[in-house]
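Please keep the sequence and the model at hand while reading.

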Amino acid sequence: MGPSRSAPLDQTWPAVGSRLRYTVRLGPWSANGVTTVRHQESGKELELEASFKQLGTARIFLQLRPWGEDETLVICDEHPLHGPGSILHNAASEAMLQLRHRGMLARLARLVEQGPVGQDHTGARHA
């Protein structure tokens, strides 16, 4: 469903040019990749280039749009750029990406709804 672990490589994350290292695991197999911020507009857009040696590179674009009075619509678009991933990109691989994005966006929604550590969804602080 995506990275099992990630950590910024640069203290300026998520500034343009900053990088994030991630690990992908599949059973006993694991490999590392690096994602670089290519564009960001705070609170609105984040464009990343993910580099994974075995599969090449991909562009990942996240956009936030207001939805109703107090909701946010998150749009996620991912396309392979170079390497085997771009050659093998087809309707089946696109369907797999959509499934992966649904899982990722569901996890993101849970994190956002939890609020900052020590705070519940109502905004009340907890000791």
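## The sheet

Six strands make up an open sheet, 6 strands in the order β1-β2-β3-β4-β5-β6, with antiparallel pairing. Strands here are DSSP runs of E with at least two residues, helices are runs of H or I with at least four residues, and both are numbered from the N terminus. Two strands count as paired if DSSP finds at least two bridges between them. At the edges are β1 (5-8) and β6 (71-82), each of which pairs on one side only. On average, neighbouring strands of this sheet are turned by 20 degrees against each other, direction ignored. The axes behind that angle are lines fitted to C-alpha atoms (for helices, over the stretch in contact), and angles run from 0 to 180 degrees between N-to-C directions.

## Basis of the model

This is a predicted model, in which local features need pLDDT of at least 70 and side-chain atom pairs count only at pLDDT 80 or more, while totals for chains, interfaces and linings use all residues. Residues are numbered from 1 along each chain as its sequence is written, and side-chain values use heavy atoms, with hydrogens and water left out.

## Strand pairs and hairpins

β1 and β2 are joined in the antiparallel sense by 4 bridges. In this pair, A7 stands opposite R21 of β2. R21 also stands opposite V34 in β3. Strand β2 (residues 19-26) and strand β3 (residues 29-41) run antiparallel and are joined by 8 bridges. R25 stands opposite S30 in β3. The hairpin of β2 and β3 has 2 residues between the strands, and G27 takes a positive phi near 65 degrees there.

β3 continues to strand β4 (residues 45-52) through 7 bridges, again in the antiparallel sense. V37 has L48 in β4 as its bridge partner. The hairpin of β3 and β4 has 3 residues between the strands, and in it G43 takes a positive phi near 75 degrees. Strand β5 (residues 56-67) pairs with β6 over 11 bridges, also antiparallel. Here D77 in β6 is the bridge partner of F61.

## Aromatic pairs

A search of the whole structure gives 2 aromatic pairs. Rings of Phe, Tyr and Trp (its six-membered ring) pair if their centres lie within 6.5 Å; planes under 30 degrees apart count as stacked, over 60 as edge-to-face and the rest as tilted. The ring centres of Y22 and F52 are 6.1 Å apart and their planes are at 20 degrees, so this pair is stacked. Y22 belongs to strand β2 and F52 to strand β4, so the pair ties together parts 30 residues apart in sequence.

The rings of W29 and F52 have centres 6.3 Å apart and planes at 75 degrees, so this pair is edge-to-face. It links distant parts of the chain, with W29 in strand β3 and F52 in strand β4, 23 residues apart.

Is F52 buried or exposed? F52 is buried, with a relative accessible area of 8%. Buried means under 20% relative accessible area, exposed over 50%, and partly exposed in between (1.4 Å probe, protein chains only). Y22 is buried as well, whereas W29, at 40% relative accessibility, counts as partly exposed.

Leaving aside neighbours within four places in sequence, F52 is in contact (heavy atoms within 4.5 Å) with Y22, V24, W29, A31, N32 and G33.

## The nonpolar core

The largest nonpolar core has 9 residues, namely Y22, A31, V37, L46, L48, A50, F52, I60 and C76. Such a core is a set of buried Ala, Val, Leu, Ile, Met, Phe, Trp, Tyr and Cys residues joined through side-chain atoms within 4.5 Å.

Two or more residues of this core come from each of β3 and β4. β4 gives the largest share, 4 residues.

## Whole-chain totals

The protein has 2 helices and 6 strands, and from the N terminus its elements run β-β-β-β-β-β-α-α. Of the 127 residues, 19% are buried. Among contacts with a separation of 6 or more, 17% are between residues 24 or more positions apart.

The protein exposes about 9,100 Å², of which carbon and sulfur atoms supply 58%. Accessible areas come from the Shrake-Rupley method with a 1.4 Å probe; for residues, only the protein chains shown count as cover.
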